[in-house]
Amino acid sequence: MALNSHFVSRFLTEPWEHDQRELWYYDFDRGELRSQSSRSLFAREGVHSSEIEARLNRYIETPIAAARARLWASVGDVSQQLEWPLFRALSLLLLLQPLRATDALDGPATVEDALSKPERDIDGLASAIGDRYRLMRITVNRRAPLYYPADGWFPLVGTPNGGTCPLGIAIPLSDSHAFIGVRSSVDLAQTEAWTINGAGIVSNYSVGYRSSKVVVHPDAVNHVPEHVLVDAIRSARAGVEQGIALCAELARLVERMDDMYRV
């Protein structure tokens with residue numbers, strides 16, 4: 001039997017589970033709210049070898065799972081607060097999660113290439129991420145819990161400056177806490193919108209950008225009429241798409257203006 005490889009680590013979606021480790025999710029393609037075992041929802045057979053699965057567990061999953069409560073309690077910028085194994089695990093999660101979830105054929109191969117390297121090279125990858133990105137933690141209002149997109153991450157758009165919108169890469173660590181990587185060169189003032197009003201923008205953006213499925217917290221399923229919940233999910237997705245489109249249009253506009261002044 002082929003090895004069952006989770007492209008979103010099962011321990012990360014645990015706070016969204018209900019009953020016998022089931023997950024409620026909205027399927028954008030089907031337009032339906034469904035439930036499925038967390039063992040199979042975000043998994044594919046035969047993607048990675050047992051050795052790579054063991055390395056994913058050793059370098060990423062075990063250190064983060066063991067420290068989740070401490071990560072939930074930390075405030076703001078966590079880059080300088082963590083011992084190396086945990087910092088390495090978060091950096092590798094930030095680097096590899098988009099590759100683990102992609103449908104592109106080179107995604108799993110790139111993950112395997114990265115994790116097959118000697119430990120000193122893996123340390124070098126994590127160190128490079130730490131040099132380029134600021135690692136942050138944001139808490140959202142518990143009355144508006146995060147979703148969990150099938151990609152395992154979601155984008156965050158910051159306040160424009162100089163014609164560009166900074167983008168953050170966000171990964172839920174619980175239904176109320178998101179781990180975020182943002183370029184070190186970004187002015188923190190451009191990320192302030194992510195923390196106001198109970199971090200509502202983070203909750204909305206957690207529906208993801210291209211993910212075909214998004215996990216929904218069971219409290220929402222139990223207390224909100226289904227049609228209202230579905231409308232909210234689809235509205236949030238439309239808002240994410242619009243926000244990213246506006247940033248792209250702003251970048252094109254600034255580029256055209258620069259071209260005019262160069263003439």
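Buried here means under 20% relative accessible area and exposed means over 50%, two terms that the legends below rely on.

**Figure 1. Overview of the predicted model.** The structure shown is a predicted model, and its secondary structure comes to seven helices and 12 strands. Of the 263 residues in the protein, 47% are buried. When contacts between residues at least 6 apart in sequence are considered, 75% of them join residues at least 24 apart.

Figure 2. The buried residues of α4 are Ile122, Ala126 and Ile129. These residues cover an arc of only 55 degrees around the axis, which means that they lie on the same side of α4. An α-helix has 3.6 residues a turn, so residues three or four places apart point the same way. On the face of α4 that is turned away from its buried side, the view shows the exposed residues Arg120 and Asp131.

**Figure 3. Close-up of the largest cavity and the residues that line it.** The structure holds one cavity of 30 Å³ or more, and the space in the largest cavity comes to about 40 Å³. Its lining is made up of Ser5, His6, Phe7, Arg44, Val47, His48 and Arg100. Sorted by class, the lining of this cavity has two nonpolar residues, three polar residues and two charged residues.

Figure 4. The largest pocket is lined by 16 residues, of which Arg143, Ala144, Pro145, Tyr147 and Ala220 are the closest to its centre. By class, the lining of the largest pocket divides into nine nonpolar, three polar and four charged residues.

**Figure 5. Close-up of the helices that contribute to the lining of the largest pocket.** Three elements, α5 (200-205), α6 (218-223) and α7 (226-262), each supply at least two residues of this lining. Among the contributors, α7 gives the most to the lining of the largest pocket, with three residues.

How values were computed: Residues numbered from 1 in each chain as written. Predicted model: local features only at pLDDT ≥ 70, side-chain atom pairs only at ≥ 80, totals over all residues. Heavy atoms only, no water. Buried < 20%, exposed > 50% of the residue type's maximum accessible area, 1.4 Å probe, protein only. Helix = DSSP H or I, 4+ residues; strand = E, 2+ residues; numbered from the N terminus. Arc of directions from axis to C-beta. 1 Å grid on protein atoms, 1.4 Å probe; cavity = no way out; pocket = protein on both sides within 12 Å on 5 of 7 lines; lining within 4 Å. Points joined across faces, edges and corners; volume = space filled by probe spheres on them. Nonpolar A, V, L, I, M, F, W, Y, C, P; charged D, E, K, R; others polar. Contact = heavy atoms within 4.5 Å.
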